[in-house]
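Me: I would like to learn how to read a model of two chains with some care. Could you take me through it step by step?

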Amino acid sequence: MKLLNHTLLYLSASLIFILSIWAVVFYFSMMDEVYDSIDDGLENYKMLIIKKATRDSTLLHKHRFDESNYAIRPIPRELALRATEDFRDTSMYMEYEEDYEVVRMLTTYFSTADEQYYELKIITSMVEGEDLVGDLLHALLWLYVAVIASAFIINNRVLRKIWRPFYQLQHELRAFKLGVDKTFNPPQTKVTEFRDMNDTVAELLKANITVFQQQKQFIENASHELQTPLAIAINKLELLLEQSRGDDAQQLANAIHYLERMTRLNKSLLLLSKIENRQFAASEQLDFNARLRQQVDDFSELLHYRDIDVEIVEKAPLKRAFNADLADVLITNLLKNAIVHNHEGGRIRIVIMDGGFEIANTGSAKPLDTEKMFARFYRASESSTSTGLGLAVAKAIAQLHRANLAYRYEGELHCFTFRLSS
Amino acid sequence: MGFFWASAFLQIFAVSLFFKNYLEMKLLIVEDEKGLRDNIAQFLNKEQYIVEVAPDFQTATEKISLYDYDCILLDVGLPDGNGLNLLRTLKSKQKRDNVIVISAKDSLDDKLEGLELGADDYLTKPFHLAELNARIKAVIRRKALGGGNVVRLNNMELDFDARMLSVAGTDVHLNRKEFDILSFFVVNKNRLIYKSALAEHVWGDHMDNADNFDFIYSQIKNLRKKLKSHGANLEIQAIYGVGYKLTV
């Protein structure tokens, strides 16, 4: 849910509550005022009628309301003395409305000079409670809608404006890639809170970038530093190997084998960090068809030895700007992968199309783990000699050139598709 | 006058007696890492070269200004200077010494710069000593006057420019890799060749998987058969689990 809608939700819920309470209070205080004013009017009327009745006795015989709004009838003295003045709501048939309507009636008692006692009833039309509540609710509903609507509009306009730096920051952060972007420039704003947030984020990212760079640099430096001692150790063992015989020689050869494995691992790590540090020079136009054909030829003896059949389907020429050394590494790694994880008598199918190529090979009967296969040091088989970096390097090379390297298992073939973005 | 000719003749005779295989090939190793320097020197001494060493830029500069070398192995990263500057000095003095640049950096820039400055070859650490040997012999052979880049061994003749083999005067067809294998054996004759040194020399980065060494063995078996059928007088000996040796 958007922040904007959050505030609106809270606002509308609390407004319902506040407005309801307000409506109740308003209703009662208004009714109170209405009764007060009507009763005052009735009181005044009473005095006028009694005054007039003392002068004009004909009034005393007006027993019914008829056209006027009062009625007088004589009552026994005892009753009059016991009774008290009283206001109450009653209903009366109204000619105009053709219905019984609520009226306010004052019942009072008075005596004339000749000790006669009378009961006087005065009525006046009354505000209808039901109607009033209805009107009030109606008005309230409109008020509520109006308040929410204006709150929505104002919120939309104002919040959007106020939160603009936030959205800008969000946008910039989304575009930011650790390892690709060397700096992070937060959007400028005058709002203190946002400026603080931007500065904090910028600080944090700056520290991250530094750590990331150091990390990458460290791997590269470490790999570099390892090359010379490895070289010395291998050469020393080679010299020793020349003077050894039999079992000793085999042990030495074995030791060299492990040192060479370490060297390969080291070289791959160095290559990976160099790719990630973007240390490869400008690209040149490369003929991928020719390179693929060349590499298949380089592998020809091995392919023949392992009885693997290779088919190259050239649907289109693929000429793109690409770093030549990296293109070779990419093709070598993919081809090697297709050979090593193949079985005797298997096949490899290479399809070169417009914008990419695909290398598909027979091999294990189940698909590889697409999640992990491009990760460093992931090995599908327990092959002790693979570095587990070949596909990670291939992926890094693809990424450096904004290309896509994907895997799928289709028709018992493991397919690696390399696709350059157009 | 007669004395001069006689003494010159004697000198040449003495020298050629002393260096049966090569005529006074002088090498300089410029390398700051003692371990590596010693390894290379020890290995190359067996090849009957005269090997001199320079542990730093300063010593190397003095040596190259005083003497001529047939081949200089030049490390790029020296503690007191960049090895490539030494190469510049050599070229500015119009010296014809062969130079093989050695670097720990597998960096294209170093390689290109080195070759542009006139280095004859480039080698990245770590390398196999047999590979170094092959490279040294290749650069020396290329610059040898009148030799025509040909190596003779018993009744075989390997022409490195034409990449041709002839046995007892008859041409033998070898494919690219068979020639590479044979030539690697020939330049490293009588020396033990560790199996992956051969694999790297012939197949480069395409063959770094030890699973494939059976495959190399089968390639050598084919080559042996071919050489034998043409009556080549040499023996490639397989040392189980270790490598090969060409004995003459």
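Me: How many residues of chain B are in contact with how many residues of chain A?

Reply: Two residues are in contact if their C-beta atoms, placed from the backbone, lie within 7 Å; in this predicted model, 34 residues of chain B are in contact with 33 residues of chain A. Residues are numbered from 1 along each chain as its sequence is written, while chains are lettered from A and ligands numbered from 1 in the order in which they are written. Because the model is predicted, local features need pLDDT of at least 70 and side-chain atom pairs count only at pLDDT 80 or more, whereas totals for chains, interfaces and linings use all residues.

Me: Which element gives the most to the side of chain B that touches chain A?

Reply: Helices (H or I, at least four residues) and strands (E, at least two) are DSSP runs, numbered from the N terminus. Helix H2 (34-45), strand S12 (192-194), helix H8 (195-203) and helix H9 (213-229) of chain B each supply at least two residues of that side, and H2(B) gives the most, with five residues.

Me: Where in chain B is the pLDDT below 50?

Reply: The pLDDT is the predictor's confidence in each residue, from 0 to 100. Where it is low, the predicted coordinates should not be read in detail. Chain B has a mean pLDDT of 84, with 84% of its residues at 70 or more, but over residues 13-22 of chain B the pLDDT is below 50, and this stretch has eight contacts in the model beyond near neighbours in sequence. The model scores ipTM 0.83 and pTM 0.68.
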